Amino acid sequence: MNTWVELLQFPFLQRALVVGILIGLTTAVLGVFVTLRKMSFFSDAISHSALVGIALGILLHLNPFLAAVGFVVLISLSMGFVTERTKLSPDTVIGVFFSSSVALGVLIISLLKGYRADLFAYLFGDILAVSQTDVWMSLILAAAVLGVMFWKGKAWIRLSLNPEMAQVDGLRVKIYDYIFLVIMALTVAVALKVIGIILVSALVIIPAAAAKGFAGNFRSLMLWSMLISIISAVAGLFLSFQFDTSSGPTIVLVATVFFLLSFIPQYLRKSS
Amino acid sequence: MSSSQHSTASCPTDILKVSDLSVAFGDLQVLRDVSFAVKEGEFAVIIGPNGAGKSVLIKTVLGLIPAKSGRVDLQVDNQDIGYVPQRLHFDPSFPLTVRELLLLKLPQAAFWWGRKTSEQRVKRMLELTKSSKVIDRQIGKLSGGELQRVLLAYALVNQPKLLILDEPAAGVDVVGEQTFYELIDLVRHTGVTKHIHGQAKPHQPEHVTVIMISHDLDAVYKYADNVICINRQLLCSGIPNKVLTPTVLAKAYGRHKDVFHHDHQYHQEHEHVG
């Protein structure tokens, strides 16, 4: 078995690691607000819509990653628009967009000729698939996501707490809601290559949910969420390389271990 | 919501003037031709039975719900309004502390890194609303009464000119409720700026205007300068002792609720209507 230091000499693993840390940061910060706003399934639907973008990218000989980014942004804005303009409940809108985009994605894939190993990588994540370009794109997307989340940090908290109070205070709630959807879409895009479409939203939700067990206030909630998310991403990457498993499920399972551990401080607080 | 910078009314001026306001949700008419005014410095209480449209009225005044017809003239900007809704509907596991909640209305840097002036202001506001003890508690772990006092502090922290409270005492026990009304009264008479700076600012109005929805008629008689009684339409508005006639109350609450106070004396039986 290679030592982890030796492993770090592989350029593909270095790239995966950089992307892993970026994913950890973005999903952690976003996840805190996604769980507070009860939008977990929104992120699930957004990530599944990436399948259409990737399939279309391959079919039309475009960059599948860029096609996916464009498509997830389009779908998340459409979901926001339909929820805002119709009387349909958000879970109905999510249900419709979720299943339709999976159906469309699978249909396009069936039009592709031959066996596509790279599609499996997009579904479950593959550290070998992370190119230098992907690293740069992830870096730009992560910087945008983190910048907006922290720059307008108080606004997101006020929106999660009570949108009406935020609106009376002069916050333009509708615009912020759409920005939030775009940020969700971009985060999904950052995590796409390493985690895979199926499990992206798990890494958005689980570290934030686990952090609630450890945190006593909002600032520590943020820090715990980031810590758990980065450790999950990095440890998951090494484990997936060591045991030759898909990177996405491995990362998500490490995060799940943290989620289970988060019950310990909650239990101790209750019993004391 | 419309607001104009200059007003022509005599002193004290109307801080809020609602004229022929109607609100409808589809075919359902919730408010019809409601008109009333609230003067600067007043403690105005909106009363009416459940489903009378009280919250809708407040939300329309605040611009959260569009009006079907009529006018709302509000003489203050949004940042000068402190609003507390009836319920927050937040996730109780949200680990936001009382300190963090109040910092949300102060400069961004203070929230993430802490700053002495902001910290001081938070502490003063919690002192004013008698909730200093809960500064490090999570808002989801407060009792109903504690949360109401903390939300009052939150509404007051950036020194509003107008305080709008949607049934702040709902779900709070009678003793807690009484304390809350006393607290509002205290805030009105001592002013907010004084509690922040140690002394009143020269250009800040010392008396905060309060508009509040209430179910408690006793409190209305004891504290309110102006009562607005509605049941889908305006039933009366003015000084409680003058306008709350048996006919008006019967119209609002039905015949069985005709036990009320005609005089300004405060009785101890704590009758509640609603």
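Chain A of this predicted model holds 14 helices and zero strands.

| Property of chain A | Value |
|---|---|
| Box filled by the C-alpha atoms, along the principal axes | roughly 55 × 50 × 30 Å |
| Buried residues, out of 272 residues | 51% |
| Share of contacts with a separation of 6 or more that join residues 24 or more positions apart | 76% |

Now for a pair of helices to look at in the structure. Helix α4 of chain A covers residues 64-85, and helix α5 of chain A covers residues 90-111. How do their axes meet? The axes of α4(A) and α5(A) come within 9 Å and cross at roughly 145°, and the crossing is right-handed.

Which residues make this contact? On the side of α4(A) they are Ile75(A), Met79(A), Val82(A) and Thr83(A). Helix α5(A) brings Pro90(A), Val93(A), Ile94(A), Phe97(A) and Ser101(A). Sorted by class, the contact of α4(A) with α5(A) has seven nonpolar residues, two polar ones and no charged ones.

Notes:
Residues are numbered from 1 along each chain as its sequence is written. Chains are lettered from A and ligands numbered from 1 in the order in which they are written. This is a predicted model: local features need pLDDT of at least 70, side-chain atom pairs count only at pLDDT 80 or more; totals for chains, interfaces and linings use all residues. Axes are lines fitted to C-alpha atoms, for helices over the stretch in contact, and angles run from 0 to 180 degrees between N-to-C directions. Helices (H or I, at least four residues) and strands (E, at least two) are DSSP runs, numbered from the N terminus. A crossing is left-handed if the near helix is turned anticlockwise from the far one by less than a right angle, and right-handed if clockwise. Two residues are in contact if their C-beta atoms, placed from the backbone, lie within 7 Å. Ala, Val, Leu, Ile, Met, Phe, Trp, Tyr, Cys and Pro count as nonpolar, Asp, Glu, Lys and Arg as charged, and the others, Gly among them, as polar. A residue is buried if 20 or more other C-beta atoms lie within 10 Å of its own, exposed if 12 or fewer, and partly exposed in between; C-beta atoms are placed from the backbone.
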